[in-house]
Amino acid sequence: MGGGFTFFSVVVAVVLLVLAQCIGKGAGNAHQDYTQFLLANGVARTPPMGWNSWNHFACNIDEQTVKSTADALISTGLAALGYKYVNIDDCWAERGRDSWGKMVARHSTFPSGIKSLVDYVHARGLKLGIYSDAGNSTCSQTMPGSSGHEDQDARTFAEWNRSKEGFSLFRHLAQGVDYLKYDNCYNDGSRPQDRYARMSSALHKVGRPILYSLCEWGQENPATWASSIGNTWRTTGDIKDNWDSITSIADANNIWGRYAGPGGWNDPDMLEVGNGGMSLEEYRSHFSIWALMKAPLLIGCDVRSASKETLSILGNKEVIDVNQDPLGIQGRKIRSKAGLEVWAGPLSRKRVAVVLWNRGSSQAPITVAWQEIGLSPSDPVSVRDLWNTFISVKKYACPINS
């Protein structure tokens, strides 16, 4: 079989960067094919990284939590690694609009208004994200959706309000929000290609680069149409903090790999790392696969109280580098048998990232040959294990980098 390597695992993923003189032919042309129709709004050239409030806090979110989370991203060093977006999910607004028809921050939980949070987050070199819905109500049914108000809401998000009374700030567009997650609840039944395009057009008009994240749940295969109107698109239903959810979502997202690239990414939902429902080995698997699939890396736990073990996973710079590689090709599953899987994808500078994933409950070797991942068995190859787990390399032309 030529060269290759073997990994022994007990329900844990290991990510290996394989450096070679050449990778499989045609990768550059394929990459160009993936990206030629992507939205060119200047953002998301690599998958977005940051934090989102929903997985841990759901509707129990307020301005102090957002501020202290922004501070925690900085104090833990996560912001310096690329986690820049601080995203408020559902439940931030009052149930009704104001007399001008605008969304207004909920006074009981965001008494200073969203404009104040924009200033706070931007002052720390971070970016603020907000949430709305392509229906008449958001999924929580506690605040209005943006259907029929797309232009007005896009202007509000870009300019934001001077105060909680609703007076717009029409100057200094740099002070608006930077990210919009746009959900799919209580919509009017129109084609998602139409209702999501309306908000895309509205965001384009405001003249401010806002990362547009379509949360359509993968119902109408958005990977096949969303790249011209958005920067990320959910390919699956909501994630849960358990092993079955992680594995099934990874499989569902895998099939859309060829549609992703710089400017537009498949989104298998936010990270559950650190929320307590899985083991550290399972969380490493979760993070490894999301990184390889070029998924948005949006932390879903309480960063302020995250354990050292959680921070060591979320802060693994070499795994993050796989996700943020400028080539921007989604890694995909190349082999699966009896719960033992090989996932791989090309990186820049003639490298390949490989995940050897044991999805079973017992120890077993996983072997991959160079040819399976696009390498010639005669080429010199250097292997680096990004989780520092034992591997065995055979017919190996260069020493292992430890």
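## A salt-bridge network

Asp251, Lys333, Glu341 and Arg359 are linked in a network of salt bridges, a salt bridge being a side-chain nitrogen of Lys or Arg within 4 Å of a carboxyl oxygen of Asp or Glu. The structure holds 20 salt bridges.

This is a predicted model, in which local features need pLDDT of at least 70 and side-chain atom pairs count only at pLDDT 80 or more, while totals for chains, interfaces and linings use all residues. Residues are numbered from 1 along each chain as its sequence is written, and side-chain values use heavy atoms, with hydrogens and water left out.

## Overall make-up

The protein chain has 10 helices and 16 strands. Helices (H or I, at least four residues) and strands (E, at least two) are DSSP runs, numbered from the N terminus. Of the 402 residues in the chain, 58% are buried. Buried means under 20% relative accessible area, exposed means over 50%, and partly exposed lies in between (1.4 Å probe, protein chains only).

Contacts are counted between heavy atoms within 4.5 Å. Among the contacts in the protein chain between residues at least 6 apart in sequence, 72% join residues at least 24 apart.

## Individual salt bridges

Lys115 and Asp119 form a salt bridge through their side chains, with N to O at 2.8 Å. The two residues are four apart in helix H4 (residues 113-123), so about one helical turn separates them. Lys115 is buried, at a relative accessible area of 10%, whereas Asp119 is partly exposed at 36%.

A salt bridge also joins the side chains of Arg208 and Asp178, with N to O at 2.4 Å. Arg208 lies in the loop between helix H6 (192-205) and strand S7 (211-214), and Asp178 in the loop between H5 and strand S6 (179-183), so the pair ties together parts that are 30 residues apart in sequence. Both Arg208 and Asp178 are buried. In the salt bridge of Asp302 with Arg304, the closest N and O atoms are 2.9 Å apart. Asp302 is buried, with a relative accessible area of 11%, and Arg304 is partly exposed at 40% relative accessibility.

Asp241 lies in the loop between strand S8 (232-234) and helix H7 (243-254). Asp241 is buried but has no salt bridge, and the nearest side chain of opposite charge, Lys240, is 12 Å away. The side chain of Asp241 makes a polar contact of 2.9 Å with the side chain of Tyr283, and reaches the backbone nitrogen of Gly276 at 3.4 Å. A polar contact is a pair of N or O atoms within 3.5 Å; within protein, one must be able to donate a hydrogen and the other to accept it, and residues adjacent in sequence count only if both atoms are side-chain atoms. Leaving aside residues up to four places away in sequence, Asp241 touches Glu272, Asn275, Gly276, Gly277, Met278 and Tyr283.

Glu63 is in helix H3 (residues 63-75). Glu63 is likewise buried without a salt bridge, and Lys67, the nearest side chain of opposite charge, is 4.1 Å away. Not counting residues up to four places away in sequence, the residues that Glu63 touches are Thr109, Phe110, Pro111, Ser112, Gly113 and Leu117.

## Positive phi angles

Most residues other than glycine have a negative phi. Gln141 has a positive phi of about 60 degrees although it is not a glycine. Gln141 sits in the loop between strand S5 (127-133) and helix H5 (150-159), and is partly exposed at 45% relative accessibility.

Asp269, also not a glycine, has a positive phi of about 90 degrees. Asp269 is in the loop between strand S9 (265-267) and helix H8 (280-292), and is buried at a relative accessible area of 3%.

## Cavities

A search of the whole structure finds two cavities of 30 Å³ or more. On a 1 Å grid over the protein atoms alone, a cavity is a set of points where a 1.4 Å probe fits but cannot get out, and lining residues have an atom within 4 Å of a point. Grid points are joined across faces, edges and corners, and a volume is the space filled by probe spheres set on the points.

The largest cavity holds about 80 Å³ of space. Asp269 is one of its lining residues, together with Asn52, Tyr179, Lys181, Ser213, Cys215, Arg234, Asp267, Met270 and Leu298.

Terms used. Lys and Arg count as positive and Asp and Glu as negative; His and the chain ends are not counted. On a 1 Å grid over the protein atoms alone, a cavity is a set of points where a 1.4 Å probe fits but cannot get out, and a pocket is an open set with protein on both sides within 12 Å along at least five of seven lines; lining residues have an atom within 4 Å of a point.
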